[in-house]
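Reader: Could you take me through the salt bridges, the helix packing and the surface of this structure, one question at a time?

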Amino acid sequence: NNDRCIELDLHEGNSDCPIIITHGGAGTSLLSFESVCRAIIEYAFEKTTTPIILSLESHLHYECQIVCANIFKEVLGDSLLCSPIDAGQSLKQVPTLREISRKVFYFYFY
């Protein structure tokens with residue numbers, strides 16, 4: 001019930017909007033990556049503190065990947081889980097919900 005995952009397909013835009021979200025030929029609207037990130041951080045934890053998982057499917061060249069990472073870090077800030085909860089934690093230990101409350105996990109594939 002509380003599993004929350006969003007898939008974002010990242011494509012190169014133009015100089016005004018370097019990274020856009022769309023879904024191939026599915027006839028979806030083009031959205032800026034930054035505006036989507038801002039909407040996620042504004043509304044993701046409004047009703048629950050359960051973590052959210054973002055699945056990022058990249059169709060970006062290296063330079064745009066750097067722009068994407070910078071937008072991600074700037075907009076999501078401390079909510080973005082960029083490192084292990086506890087560097088000394090073994091792989092057999094799973095963090096508690098309290099430790100990952102209000103966090104954004106992501107996985108990125110190219």
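Author: A residue is called exposed when its relative accessible area is over 50%, buried when that area is under 20%, and partly exposed in between. The model discussed here is a predicted one.

Reader: By that scale, is Glu74 buried or exposed?

Author: The cut-off for the exposed class is a relative accessible area of over 50%. Because Glu74 has a relative accessible area of 58%, its class is exposed.

Reader: What separates Glu34 and Arg38 along helix H1?

Author: Both residues of this pair are partly exposed, Glu34 with a relative accessible area of 32% and Arg38 with 39%. Helix H1 covers residues 33–43, and because Glu34 and Arg38 are four residues apart within it, what separates them is about one helical turn.

Reader: Which residues are linked in a network of salt bridges, and how many residues apart are Glu74 and Arg38?

Author: The residues linked in the network are Glu34, Arg38 and Glu74.

Reader: How are H1 and H2 oriented to each other, roughly parallel or roughly antiparallel?

Author: Two packed helices are described by the angle between their axes and the distance between those axes. The axes of H1 and H2 come within 10 Å and cross at roughly 25 degrees, and the crossing is right-handed. Angles under 35 degrees count as roughly parallel, and H1 and H2 are therefore roughly parallel.

Reader: Which residues form a nonpolar patch on the surface?

Author: Phe109, found in strand E5 at residues 104–109, counts as partly exposed because its relative accessibility is 34%. The patch to which Phe109 belongs has about 250 Å² of accessible area together, and its members are Ile53, Phe107 and Phe109.

Terms used
Residues numbered from 1 in each chain as written. Predicted model: local features only at pLDDT ≥ 70, side-chain atom pairs only at ≥ 80, totals over all residues. Heavy atoms only, no water. Patch = residues over 30% accessible without salt bridge, like charges linked within 9 Å, V, L, I, M, F, W, Y side chains within 5 Å. Areas by Shrake-Rupley, 256 points an atom, 1.4 Å probe, with all protein chains shown as cover. Salt bridge = Lys/Arg side-chain N within 4 Å of Asp/Glu carboxyl O. Helix = DSSP H or I, 4+ residues; strand = E, 2+ residues; numbered from the N terminus. Buried < 20%, exposed > 50% of the residue type's maximum accessible area, 1.4 Å probe, protein only. Axes fitted to C-alpha atoms, helices over the stretch in contact; angles between N-to-C directions. Parallel < 35°, antiparallel > 145°, perpendicular 65-115°, else oblique. Left-handed = near helix turned anticlockwise from the far one by under 90°.
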